[in-house]
Amino acid sequence: MKTTRKPNEITTNVEPPSSTDDFQAQDFQTRVAEAAYFQAEQRGFSPGFEMADWLAAEAQVRARSDNA
């Protein structure tokens, strides 16, 4: 069966997480993104430190989850 789309019709393939692991991975990414944002905010959002912020945030989130 062939399906057709109307012009300008937007399709999305957003699905809820299929497993607990997927949900935990999304939760981890969200926590890292928030921590990286707050680190950037603390230094006034000066450019050029995005990767350092992200890596530091990952380490911070991992350390928190290891201590929980």
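Buried means under 20% relative accessible area, exposed means over 50%, and partly exposed covers what lies in between, all with a 1.4 Å probe and protein chains only. The views below come from a predicted model, in which local features need pLDDT of at least 70, side-chain atom pairs count only at pLDDT 80 or more, and totals for chains, interfaces and linings use all residues. Residues are numbered from 1 along each chain as its sequence is written, and side-chain values use heavy atoms, with hydrogens and water left out.

**View 1. Phe-38 in helix 1.** Let's start with Phe-38, which sits in helix 1 (residues 20-42); helices are DSSP runs of H or I with at least four residues, numbered from the N terminus. Its relative accessibility is 47%, so Phe-38 counts as partly exposed.

**View 2. The aromatic cluster of Tyr-37, Phe-38 and Phe-45.** These three residues form one aromatic cluster. Rings of Phe, Tyr and Trp (its six-membered ring) pair if their centres lie within 6.5 Å, and planes under 30 degrees apart count as stacked, over 60 as edge-to-face and the rest as tilted. By this rule there are 2 aromatic pairs. Tyr-37 and Phe-38 have ring centres 5.6 Å apart and planes at 75°, so this pair is edge-to-face. For Tyr-37 and Phe-45 the centres are 5.4 Å apart and the planes stand at 55°, so that pair is tilted.

**View 3. The cluster residues as a surface patch.** Tyr-37, Phe-38 and Phe-45 also make a nonpolar patch on the surface, with about 330 Å² of accessible area together. Areas come from the Shrake-Rupley method with a 1.4 Å probe. Tyr-37 has a relative accessible area of 43%, and Phe-45 has 45%.

**View 4. The largest nonpolar core.** Val-32, Ala-35, Ala-36, Ala-57 and Val-61 make up this core of 5 residues, where a core is a set of buried Ala, Val, Leu, Ile, Met, Phe, Trp, Tyr and Cys residues joined through side-chain atoms within 4.5 Å. Helix 1 and helix 2 each supply at least two of its residues, and helix 1 gives the most, with 3. Leaving aside neighbours within four places in sequence, Val-61 is in contact (heavy atoms within 4.5 Å) with Phe-28, Arg-31, Val-32 and Ala-35.

**View 5. Ala-52 in helix 2.** Ala-52 lies in helix 2 (residues 50-67) and is partly exposed, at 45% relative accessible area. Its C-alpha atom is 9.6 Å from that of Gln-39, 13 residues apart along the chain.

Conventions:
Patches are made of residues with over 30% relative accessible area and no salt bridge: like charges are joined within 9 Å, nonpolar side chains (Val, Leu, Ile, Met, Phe, Trp, Tyr) within 5 Å. A salt bridge is a side-chain nitrogen of Lys or Arg within 4 Å of a carboxyl oxygen of Asp or Glu.
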